[in-house]
Amino acid sequence: MSSVIFSGNSNQHLSKEISSILGLSLGKVEIIHFADSECRVRIQEDVEGKDVFIIQSLSNPVDEHLMELLLLADAVKRGEPRKITAVLPYYGYARQDRIHRHGECLSAQVVAKMIEVVGFDKLITVELHNEAILGFFKIPVIHISGLSVFLEAVNDLKDVVVVTPDAGALKRAQNFSDDLNLPLALIEKKRDLDHPHKISSMKVVGDVAGKTAVIVDDVIVTGGTLVNAAFLLKQEGAKQVVALATHADFVGGADKILKESPVDKVWVTDTIHLPLKMHFSKLQIFPSASLIAAAIRKMIK
């Protein structure tokens, strides 16, 4: 039974790296975006009876990349494959995983339903914002921890305390600290629900004085929370602040904000493509292709 890998436009470099590790070439596909922002997809490979993997990070512009994914799935489905697997290095809308106020939608669940309805048989994804999202799916989901790529680098640091940026990320940071047998501290914060990405108050719970504080999170967006956390940690005596996150979903000049911040190092993976103009001296990008390729390899007949 042969396999075919297709890629959307969101992260072609990562798709090629994954395919190379697996010893496969990316399948030929035509993706056209019209002036009115509509998208048309046409696959140019025979997929009948084959296992098909479609790689697409649902990163900015999220809706455009989501539509590419859905249309790719429909195009493949019409070719009568054996199975179709969505490979989402980054699952967009994951932060909208719960209803905070009356009248809000549950966007992460809506996206899950769209993925199922269009015909995917399985999903592979990396570092979901909240594992509860797994419960939104009826199809099998393989959930990979992207933080494992940082373990060796953090192990090389001295006097480390792992810091969770908020209570919601506690389990993720706790698992990471347990893997390295490191102490854990918490930044307790309250969000302003009326203003996205705005924090109303923050305080440190735990001992960070004289230590290298490693902030562990799933995604960096504006960088504002990290900057505030770094100021707070250094006020509490941390000698160095390292921010690490699986996904670098930089918006609003996050690269400049982090470059000029008290954060000493920013470590991310390549699940989201970052153009060279957004790279800066403190940034180090860790490869994720081997993690994703390993999950796919288990499914290739």
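Predicted model: local features only at pLDDT ≥ 70, side-chain atom pairs only at ≥ 80, totals over all residues.

**Helix packing and cavities**

Guide: Helix α1 (residues 12-22) packs with helix α8 (residues 289-297) at an angle of about 55 degrees, and their axes are 9 Å apart. Axes are lines fitted to C-alpha atoms, for helices over the stretch in contact, with angles from 0 to 180 degrees between N-to-C directions. Residues are numbered from 1 along each chain as its sequence is written, and side-chain values use heavy atoms, with hydrogens and water left out.

Visitor: Which residues of α1 and α8 make the contact?

Guide: From α1, they are L14, E17, I18, I21 and L22. From α8, they are A289, S290, I292, A293, I296 and R297. Contact means heavy atoms within 4.5 Å. The set divides into 8 nonpolar, 1 polar and 2 charged. Ala, Val, Leu, Ile, Met, Phe, Trp, Tyr, Cys and Pro count as nonpolar, Asp, Glu, Lys and Arg as charged, and the others, Gly among them, as polar.

Visitor: How are helices and strands assigned?

Guide: They are DSSP runs, numbered from the N terminus: helices are H or I with at least four residues, strands are E with at least two.

Visitor: Now α2 and α3. At what angle do their axes cross?

Guide: At roughly 25 degrees. The axes of α2 (residues 62-77) and α3 (residues 107-117) come within 9 Å. That makes α2 roughly parallel to α3.

Visitor: What makes the contact between α2 and α3?

Guide: L66, L69 and L70 come from α2, and V111, M114 and I115 from α3. The contact has 6 nonpolar residues, no polar and no charged.

Visitor: Is the crossing of α2 and α3 left-handed or right-handed?

Guide: Right-handed. A crossing is right-handed if the near helix is turned clockwise from the far one by less than a right angle, and left-handed if anticlockwise. α1 also passes α8 in a right-handed crossing.

Visitor: Switching to holes. How many cavities of 30 Å³ or more?

Guide: The count is 1. On a 1 Å grid over the protein atoms alone, a cavity is a set of points where a 1.4 Å probe fits but cannot get out. A pocket is an open set with protein on both sides within 12 Å along at least five of seven lines. Lining residues have an atom within 4 Å of a point.

Visitor: How much space lies in the largest cavity, and which residues lie nearest its centre?

Guide: About 70 Å³. Grid points are joined across faces, edges and corners, and a volume is the space filled by probe spheres set on the points. The lining has 14 residues, with Y90, Y91, A94, H129 and D218 nearest the centre. It divides into 7 nonpolar, 4 polar and 3 charged.

Visitor: Where is the cis peptide bond?

Guide: From N60 to P61, with omega near 0 degrees. P61 lies in the loop between β4 and α2.

Conventions:
Parallel < 35°, antiparallel > 145°, perpendicular 65-115°, else oblique.
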